[in-house]
Amino acid sequence: MKTISFRNDILPLKNVLYRLALRITLNHEDSEDVVQDTLMKLWNRRNYWDEIENIEAFALTICRNLALDKVKRAATNNISIDEGQVAELMQAPNPFEQITQRDRVSMVRQLLDSLPEKQRSCMHLRDFEGKSYKEIAEILQVSEEQVKVNIHRARQMIKQKFKEAEEYGL
């Protein structure tokens with residue numbers, strides 16, 4: 001049986017927790033608060049760490065629940081994730097292509113942000129965090145089949161909406 005260390009096992013999860021919280025809250029400050037609250041809850045439960053089978057899944061579950069609670073309490077608007085350095089990383093040969101590429105990235109982010117929470121969380125954990133279907137099911141407390149359905153529906157919706165926007169210029 002492995003002994004869990006806050007410094008070695010839990011603290012390295014803070015970036016994963018932050019990204020999950022950001023996908024749910026769509027707000028940097030709220031996400032930072034959620035991560036801090038998650039780490040505090042984990043620390044306060046340190047006497048029970050030996051009973052936890054998968055500390056990462058446990059931490060992600062706490063984070064998700066806290067983020068959902070924050071969204072419910074705040075009744076926030078759907079604010080898109082900042083583009084940050086994506087525009088700098090995507091170097092296109094000319095200004096028109098750069099603008100087009102930046103607009104496409106922005107559109108995909110908006111489409112991702114507009115998905116229902118379960119679909120957005122499933123897709124984020126699978127495509128951005130690289131979690132297995134089993135891990136996602138454990139974190140979200142749903143069946144693996146439901147995870148697969150949510151991811152499929154999310155991808156189809158984004159693909160359809162993106163295609164419509166590209167075809168009609170919306």
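These legends describe close-up views of a predicted model.

**View 1. Packing of helix α2 against helix α7.** Helix α2 spans residues 14–25 and helix α7 spans residues 117–128. The crossing of α2 past α7 is right-handed.

**View 2. Residues at the contact of α2 with α7.** From α2, the contact includes Arg-19, Leu-20, Arg-23 and Ile-24. On the α7 side, these residues meet Glu-117, Arg-120, Ser-121, His-124, Leu-125 and Phe-128. Sorted by class, the contact of α2 with α7 holds four nonpolar, two polar and four charged residues.

**View 3. The largest nonpolar core.** This core has 31 residues, and those touching the most other members are Ile-10, Leu-17, Leu-42, Ile-55 and Ile-136. Two or more residues each come from α2, α3 (28–44), α4 (55–74), α7, α8 (133–140) and α9 (144–168). Helix α4 gives the largest share of the core, nine residues.

**View 4. Surroundings of Ile-55.** Leaving aside residues up to four places away in sequence, Ile-55 touches Ile-4, Ile-10, Leu-13, Leu-42 and Trp-49. Two of these partners, Ile-10 and Leu-42, are listed with Ile-55 among the core residues that touch the most other members.

Key
Residues are numbered from 1 along each chain as its sequence is written. This is a predicted model: local features need pLDDT of at least 70, side-chain atom pairs count only at pLDDT 80 or more; totals for chains, interfaces and linings use all residues. Side-chain values use heavy atoms; hydrogens and water are left out. Axes are lines fitted to C-alpha atoms, for helices over the stretch in contact, and angles run from 0 to 180 degrees between N-to-C directions. Helices (H or I, at least four residues) and strands (E, at least two) are DSSP runs, numbered from the N terminus. A crossing is left-handed if the near helix is turned anticlockwise from the far one by less than a right angle, and right-handed if clockwise. Contact means heavy atoms within 4.5 Å. Ala, Val, Leu, Ile, Met, Phe, Trp, Tyr, Cys and Pro count as nonpolar, Asp, Glu, Lys and Arg as charged, and the others, Gly among them, as polar. A nonpolar core is a set of buried Ala, Val, Leu, Ile, Met, Phe, Trp, Tyr and Cys residues joined through side-chain atoms within 4.5 Å. Buried means under 20% relative accessible area, exposed over 50%, partly exposed in between (1.4 Å probe, protein chains only).
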